[in-house]
Amino acid sequence: MAGTISPMLMHDDKYLPDQEGSQPEEGQFSPQKEEAGTQELPKNENKTPFIVHMEEEGISPQIPQREKRPPAGLPSTPQERPAHEMARENTAQISKSTSKPPYMAEADDHNREDSELSHKANKWGKPRSKKTGTVGCFSGIVMTTVIVVAAIMLAAFMVSCLTDLLGFMKSDESVEVTVPEQTDTSEMAEILHEEGLINQPIFFKLFTKVMKKKDNYPAGTYSLKGTMGYEGMIKEIQESKEERETVKLTFPEGWTLNQIADYLERAEVCSRVAFLRELQKSNFSGKYPLVNGCPTSENRFYRLEGYMFPDTYNFYIGDTPEEVIKRFLDNLETQITPEMRKQADAIGMSMDEVLTLASIVQKEASDNENMPKVASVFCNRLNNPGDFPNLQSDVTINYVNDDIIPNLTENTARYNAYYNTYVCKGLPSGAVCSPGLAAINAVLYPADTNYYYFVTDSKGRYYYAVTFDEHKENIRMANEVDSVAGGVDTDQ
């Protein structure tokens, strides 16, 4: 059977004869013959593609064949076995010859698996599962979000640096900056940042290093604005100190705004007219809570009379009125402590009312010892408006005559009705001078008395009374000394 095999035709596992009625002899193998002779199988029909390819390449594959043995009890030669069993075995051999050996079938399985994975491979040539693709997509979204957020933050930082550098979109409000001794660039950057003049102290330090600015900043107090930018602020601190002359001025308790304005002009700090005009037209409420509580009544002659706290100040020669006023207001906000403001609430007065009454006490009392008693007289009258509707303080008449009328060209009677406490009821429309701490505290903590009157003589002695008859006797005694210098209801 080398090269050719003539399979027998099988039907229902029985032998089909060659010719009608003919049967092969028992024990003899006779392949079926056809008219054209023995049929020869194609050369490569029983060979696998792998073997055919190896033969075409000139390689003779050595495929081990298992030795075929007949089952136990069967004849080992064709002559000893029935023909129909031989035919069945031949058919099985043909079937087995067309199947692949186990190791080739395993290779094909691996090839098929690699082909399927290659369709799912990513752009790097690595296979990825559905889960890996989902994770990769999420990672991409996170990475994109991080990049966008970082870009926005960087852009915001650069905009902030540019606004600092050039002074764009910065407040034009002046800020008093105090520079300590031996301040370097790093400390200066923090000071400017704390004062709200710059947003990026690190960029300020980088700018000074790149531009080779001096690393020392002279000690002192400077008026700076955010609109100056880096260059303007550095120049103001490092150069103006050498060019601008300062002057030290002391303003005593009880001075009026007119007196303060005259003094500033004489010291060449600023002009009187510019100072008083700035007081009337500018709004300082935003930065100063005390000013925010100050009424804006048209019946008030100088709105901020009583708010220029008496003290000693250093001013630049040729300073701006705005900076001068802010220096006064900064000091006032510091001097009026939170405890003092709480006490004003406790006695049922606003801080503006406290300053107004304190200005009267400041003018009426010549020493700190008598201030609480003088304050008690006015507080007792304010608390008993039915019997004492008017404070009847002489110093309010003096303010109208000395400070209001000389600075008005018309309608002087109008302010007399609001400031003259012999005419107006209760407190006047505003303060009549700048009170000091002693007068302010005297109003916040007046002496516990039942006095409703007092009078002073020319030597500065005080006479207090509960009734009007007592008061008239005190006036007589004051006149005997020399004359009446002040008090309440002294025109009786």
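Predicted model: local features only at pLDDT ≥ 70, side-chain atom pairs only at ≥ 80, totals over all residues.
## A pocket with several contributors

Strand β3, strand β6 (312-316) and helix α12 (321-335) each give at least two residues to the lining of the second largest pocket. Helices (H or I, at least four residues) and strands (E, at least two) are DSSP runs, numbered from the N terminus. Which residues line this pocket? They are E176, T178, T221, D311, T312, Y313, N314, R327, D330 and N331. Sorted by class, the lining holds 1 nonpolar, 5 polar and 4 charged residues.

A pocket here is an open set of points on a 1 Å grid where a 1.4 Å probe fits, with protein on both sides within 12 Å along at least five of seven lines; lining residues have an atom within 4 Å of a point.

Residues are numbered from 1 along each chain as its sequence is written, and side-chain values use heavy atoms, without hydrogens and water.

The average pLDDT (the predictor's confidence in each residue, from 0 to 100) is 79, and 70% of the residues score at least 70.

## Strand β3 and its partner

Let's look at β3, residues 175-179: 4 of its 5 residues are buried (under 20% relative accessible area, 1.4 Å probe, protein chains only). β3 pairs with strand β4 (residues 220-224) in the antiparallel sense over 5 bridges, where pairing takes at least two DSSP bridges. Within β4, Y222 is the bridge partner of V177.

Terms used: Buried < 20%, exposed > 50% of the residue type's maximum accessible area, 1.4 Å probe, protein only. Nonpolar A, V, L, I, M, F, W, Y, C, P; charged D, E, K, R; others polar.
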